[in-house]
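Reader: Hi! Could you walk me through this one? I'd like to start with the ligand.

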Amino acid sequence: MTKVTDRLADIPWAALQAMPLEQKATFFNRADGGEEHVLIAQQFGRARLEAIGRLATCIRRIAKQREGMRFLRGRLNHLRAMLYFTQPSSRTFLSFRSACATLGVDCSEIRDTSTSSEVKGETQDDSVRTFSSYCDLIIMRTPAGGQAERTAWLLAHSDRPLPVLNAGSGKDQHPTQAVLDIYTLQRSFEDRGGIDGKCIVFVGDLLRGRTVRSLAYLLTNYRDMELMFVAPEELQIGDDILAMLDAASVRYTRSDDFDAAVAQADAVYMTRVQDEWDSADHESRRIDVSRFFFTPRHLNILPATGVLLHPFPRRHEIDVAVDHDPRAVYWRQMRNGMWVRAALVAGLFHAADEIEAYARDREQA
Ligand code: NCD
């Protein structure tokens, strides 16, 4: 069997970059259906999303007990991870670090390139090869799109090919956030037939929000979906995402009528204005987003079974007065991130089967 790393090592960088995302994904997944890297949402089909959800739930339950935690910490305690985060992060960084700790993985971190040799003029490629000398896994968030992919490709051409996890790359992808969002939706709709047939409303900066882009793709794995994109015209969803939805025959609408969309939603996914991508002109300051603010009034409009998500950080998208409502699931969504990231890391290192076996044995005991 050809290993994915071998295949990645065989292909020139320009050829990889020129590929459609679905084809690219085949270079990042293993032949057994698991991942060798986690780089783009297109790596995840429905069966895999369900398997990751089951594993995340096993880890979540096992971790409730000291004995279980001891078991989990013994799974990958021979490994070290490098957290390379050169863009701000609270949740993604902390949840990855906690996920690693849960599995016994030791973490090092670089969060500020001014304290690394990049400031002395070291190339990014050399920096990455340096990290690879000291760790077994690289988790990275970068302002540039495609950098995690580049790292995986580069290391596949070295004598230390390591798994690479994309923890957010530029404006384009945030695959682990999208997988945890799917897990949150799976759990929210557990008693309502799952994600199939649901209406998901995306609100905010849909043009530059990478969480929206990755999640919209993952939702094409489900049947009879309806997506509604609610935003001011300047921040509406990009044509590439719409083309992807058309290709997958997913129904969608675009509008700026927030109340009407909330009334039809099974899930509302709020996002903030991504003004870090503004030009020096601060163009998004001129856009009025005040009408896309979820307040207690919207709790009366949202169906009783609807849920409210947000990848956070939040600014003025959701009134804190909404937090106490059981349909506001964003705090649970945040914690789900830790379990999903632990499941993804466990999967990369083939630890899923033994974790599931432990969970089964414990249930029978
Ligand atoms: C998101 C991100 O970084 O893209 N945050 C996160 O990872 N939860 C969303 C955002 O910054 O708005």
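Reader: Which protein atom is 2.9 Å from a nitrogen atom of the ligand?

Author: A polar backbone atom of proline 311 is 2.9 Å from a nitrogen atom of the ligand. Keep in mind that this is a predicted model.

Reader: Nice. How much of the ligand's accessible area does the protein cover?

Author: On its own the ligand has 320 Å² of accessible area, and the protein covers 94% of that. The space the ligand takes is the largest pocket.

Reader: Which residues are around it?

Author: Around the ligand you'll find Thr92, Arg141, His174, Gln177, Arg210, Thr211, Arg272, Gln274, Pro311, Phe312 and Pro313. That shell divides into 5 polar, 3 charged and 3 nonpolar residues.

Reader: Back to phenylalanine 312: is its peptide bond to proline 313 cis or trans?

Author: That bond is cis, with omega near 5°. Most peptide bonds are trans. Proline 313 is in the loop that runs between strand 9 (307-309) and helix 14 (330-348).

Reader: Good to know before I set anything up! What about the backbone at aspartate 224?

Author: Aspartate 224 has a positive phi, near 55°, although the residue is not glycine. Most residues other than glycine have a negative phi. You'll find aspartate 224 in the loop between helix 10 (210-219) and strand 6 (226-230).

Reader: Changing topic: how many helices and strands are there?

Author: The chain has 15 helices and 9 strands. Its C-alpha atoms fill a box of roughly 60 × 55 × 40 Å along the principal axes.

Reader: And why does the radius of gyration agree with a compact globule?

Author: Because a compact globule of 365 residues would have a radius of gyration near 21 Å, and the chain has 20 Å.

Key. Residues numbered from 1 in each chain as written. Predicted model: local features only at pLDDT ≥ 70, side-chain atom pairs only at ≥ 80, totals over all residues. Heavy atoms only, no water. Near = heavy atom within 4 Å. Polar contact = N/O pair within 3.5 Å; in protein donor to acceptor, adjacent residues only side chain to side chain. Areas by Shrake-Rupley, 256 points an atom, 1.4 Å probe, with all protein chains shown as cover. 1 Å grid on protein atoms, 1.4 Å probe; cavity = no way out; pocket = protein on both sides within 12 Å on 5 of 7 lines; lining within 4 Å. Sits in = over half its atoms within 2 Å of the grid points. Nonpolar A, V, L, I, M, F, W, Y, C, P; charged D, E, K, R; others polar. Helix = DSSP H or I, 4+ residues; strand = E, 2+ residues; numbered from the N terminus. Rg over C-alpha atoms; globule rule 2.2 N^0.38 Å.
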